[in-house]
Amino acid sequence: MLSQRSPSDEYYQQFTIHCLNEPRKNAKDTELYQMLRIENDPINNFEDLQLDLKFFPHLFPYAKNGQYSERKIKLTSSEFVKSQLMSMNSSFRKDSQYLFFLLHESNLRALKAGIYHKLNTINMRTKLTASKCLELLNNNELEGNLTTIFAKLRNTSQYWLNPRSDIETMITWYGPVTFFLTLSPGEYNWQRLDFYLREMNSNVENGKSTSNLISLDSVSTSRIVDNEFKAMLDFITSKDAPLGKVSHYAWRREYQTRGLQHFHTLLWIEGAPIIGENTTDEVVKFISNTITCHKPNEHDFPTISERIEMYQTHKHNSYCMRSKKTGTRIVSSCRFGFP
Ligand SMILES: [Zn+2]
């Protein structure tokens, strides 16, 4: 197994080759990475040693029923993880150390699957042996070959190669995307989320704020955000067709710094005019039919009016305001052109 080397390491640790947010270092592969000693067989450690039982005695007080424990009906790893996170017993999903442990284990499984796949798909006659691997490393040829190894490891650039080419194919076949829709939760004022988290964690004292509950129970938060997004997608693609009849769509989930997920969605609308092909009038008519800047009367529609005020109204801040020099004066203006 390949890992990154640090001068202080006695045992080489199991990290992904590039730290995900780090710029690539220009050094020879052999300077950056080392092969782990084979006899350690680190990939199987989780399985053989039942590390979850040993690391988390407070979750497994009887040292039983861990991920790799014997059981009558065999569970796949993902089935096991799901059953832990969805369990009535909230201590698993509320232990962030355990969540990261499961993530790490799942990353290793993805890498292992990638390596097996790589070894199996290579031409049988040039099968990748340890010596061949070392030769590739020394000749700086290994990195170019890592695509298939990392393809299953979420959020590596190799992982995104497939979805990206899918989108490119969709654009080629279905034409330009009609709407780019971003859905982001406003968790601070989201009563349903607050209600759900209190319901799920009824043993938590009442004084806690919504954001406290979110960090306490990130799994339940993710579940409700996911459910709400799917419900929104169902509505958008339903026969009520609020944005027009959706012929195709694609979406991607992202996490931002504050840790909550948001969704980017591409929608292809049937019969949508295309800028440059259709007349300006047709484009304007389509947009006017679908999008409005009208704000409903706050007396008749208090809720929607309040939401528009809160979420759909641009308020200037240091990010959008730019100072521009016009002649002798310095004027600051909004980079998005809002008055
Ligand atoms: Zn602004």
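Here are some notes on this predicted model, for someone opening it for the first time.

1. Start with the overall make-up. The protein has 339 residues, and 8% of them count as buried. Its secondary structure comes to 13 helices and 7 strands. If you look at contacts with a separation of 6 or more, 48% of them are between residues 24 or more positions apart.

2. Next, find the sheet. It's an open one of 3 strands, paired antiparallel in the order β3-β5-β4. At the edges sit β3 (179-183) and β4 (246-255), each of which pairs on one side only. Going from one strand to the next, the twist averages 20°.

3. Within that sheet, have a look at how β4 meets β5 (residues 261-269). The two are antiparallel and share 9 bridges. For a landmark, pick A250, whose bridge partner in β5 is L266.

4. Now for the helices on the sheet. Helix α8 (residues 161-174) packs there and touches β4 and β5, its direction making about 155° with that of β4. Helix α11 (residues 218-236) lies across β3, β4 and β5, and it runs at about 15° to β5.

5. Helix α11 also has a helix partner worth a look. Helix α9 (residues 191-200) packs with α11 at an angle of about 135°, and their axes are 10 Å apart. That angle is why α9 counts as oblique to α11. The crossing of α9 past α11 is right-handed.

6. Which residues of α9 and α11 make the contact? From α9 it's L193, Y196, L197 and M200, while α11 brings S220, T221 and I224. Sorted by class, the contact of α9 with α11 has 5 nonpolar and 2 polar residues, with no charged ones.

7. Finally, jump to the hairpin made by β6 and β7, which has 2 residues between its strands. G327 is in the turn and has a positive phi of about 65°. Strand β6 (residues 321-326) runs antiparallel to β7, and 6 bridges join them.

Definitions and conventions: Residues are numbered from 1 along each chain as its sequence is written. This is a predicted model: local features need pLDDT of at least 70, side-chain atom pairs count only at pLDDT 80 or more; totals for chains, interfaces and linings use all residues. Helices (H or I, at least four residues) and strands (E, at least two) are DSSP runs, numbered from the N terminus. A residue is buried if 20 or more other C-beta atoms lie within 10 Å of its own, exposed if 12 or fewer, and partly exposed in between; C-beta atoms are placed from the backbone. Two residues are in contact if their C-beta atoms, placed from the backbone, lie within 7 Å. Two strands pair if DSSP finds at least two bridges between them. Axes are lines fitted to C-alpha atoms, for helices over the stretch in contact, and angles run from 0 to 180 degrees between N-to-C directions. Angles under 35 degrees count as roughly parallel, over 145 as roughly antiparallel, 65 to 115 as roughly perpendicular and the rest as oblique. A crossing is left-handed if the near helix is turned anticlockwise from the far one by less than a right angle, and right-handed if clockwise. Ala, Val, Leu, Ile, Met, Phe, Trp, Tyr, Cys and Pro count as nonpolar, Asp, Glu, Lys and Arg as charged, and the others, Gly among them, as polar.
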